[in-house]
Amino acid sequence: MPIASLVTSDSPRVAGEDVEHVEVLAQTEKPLPPVVVHRPTMRLVDGLHRLQAAVRRGEDRIEVRYVEGSTEDAFILAVQLNAEHGMPLSRRDRVAAAERIIGSHPHWSDRRIAEVTGLAPTTVSALRRRSTDQGDQLNARTGRDGRSRPVNSAAGRQRAGQIIAERPNASLREIAHEAGIALATARDVRLRVRDGKDPVPPKLHEVAKGGALADRRTARGRGEANGAERGGRTRLEPAEISDAERFVNLRKDPSLRFSEAGRALLQLLSTNALDDEKWRWLVSAVPEHRHADIARAARRCGERWLTFADGLEHGGGVRRGRAV
């Protein structure tokens with residue numbers, strides 16, 4: 001189709017195209033993949049550098065692949081496609097994209113938005129808290145699996161506790177379905193009830209009472225005092241301990257050091273305990289034509305670690321790549 005017919009605004013790349021990358025594509029001899037265009041608006045969804053390369057070669061037409069849907073969905077697709085191939089989006093691009101998706105899809109979970117943008121779920125959560133959008137008031141969000149879950153599971157946990165008390169032999173699936181919670185949450189509630197604990201952990205009670213936990217985290221980010229005084233010293237919260245200090249403490253734990261699985265875990269964690277300078281050194285080792293491949297591999301590794309962390313936090317494990 002004619003290049004002049006395409007609209008190139010609304011790109012997830014805040015700074016626009018990279019001139020050097022356009023020049024590389026313009027000089028390549030092999031055919032480039034078609035660009036992706038939102039048919040209702042003729043807006044370019046993916047292929048900004050390919051389009052500019054075609055213009056640089058003096059071409060006035062380009063091969064396209066059309067997609068339908070809303071403009072908001074088209075933008076999300078643009079972010080996804082740019083994360084999967086070609087030149088990776090910068091962190092500034094991904095943060096801006098996450099802020100926009102939070103506004104257009106406030107019902108999406110932090111983890112679902114993180115998967116699209118390549119950010120950490122905690123980063124998306126922080127962006128959401130800073131947002132003045134009404135999405136912060138939603139009681140439920142939709143996860144990566146398409147299921148809607150409550151933002152605060154305190155009510156669901158309380159209902160699950162009641163079900164367990166009334167029907168001790170009920171299966172986890174029955175409890176989860178009736179209480180409207182995840183299987184992992186139902187399992188955690190059952191374990192807490194067996195141990196004589198409140199089905200709702202203290203931190204969820206605090207969230208239900210008005211977001212006290214989020215307020216403390218925000219205060220911590222601003223450098224306000226938050227430790228409890230013990231013996232004239234201020235107790236450090238976990239967030240104030242550096243990654244290096246935390247890893248040293250883990251290596252001293254005999255329960256990890258003296259088991260084969262524990263030692264393997266410590267070895268894996270040690271490969272990520274690098275300072276910023278080391279990470280920049282690793283980035284410099286990646287050739288430009290492998291940026292997208294390495295970025296995709298790194299994100300998948302990150303997703304596996306997040307799944308592993310979810311399994312630990314919910315008292316379960318990891319089975320077939322998913323927390324249980």
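**Cavity and helix contact**

Modeller: α3 gives the largest share of the lining of the largest cavity, 4 residues. This is a predicted model, where local features need pLDDT of at least 70, side-chain atom pairs count only at pLDDT 80 or more, and totals for chains, interfaces and linings use all residues. Residues are numbered from 1 along each chain as its sequence is written, and side-chain values use heavy atoms, with hydrogens and water left out.

Colleague: How many cavities of 30 Å³ or more turn up in the whole structure?

Modeller: The search finds 1. A cavity here is a set of points, on a 1 Å grid over the protein atoms alone, where a 1.4 Å probe fits but cannot get out; lining residues have an atom within 4 Å of a point.

Colleague: How much space lies in the largest cavity?

Modeller: About 90 Å³, a volume being the space filled by probe spheres set on the points.

Colleague: And which residues line it?

Modeller: Among them are D10, H38, R43, L44, T71 and F75. β2 (43-46) and α3 (71-84) each supply at least two lining residues; helices (H or I, at least four residues) and strands (E, at least two) are DSSP runs numbered from the N terminus.

Colleague: New topic: at what angle do α4 and α6 pack?

Modeller: About 55°, with axes 10 Å apart; axes are lines fitted to C-alpha atoms over the stretch in contact, and angles run from 0 to 180 degrees between N-to-C directions.

Colleague: Which residues touch?

Modeller: R91, V95, A98, E99 and I102 of α4 meet T123, V124, L127, R128 and R130 of α6, with contact meaning heavy atoms within 4.5 Å.

Conventions
On a 1 Å grid over the protein atoms alone, a cavity is a set of points where a 1.4 Å probe fits but cannot get out, and a pocket is an open set with protein on both sides within 12 Å along at least five of seven lines; lining residues have an atom within 4 Å of a point.
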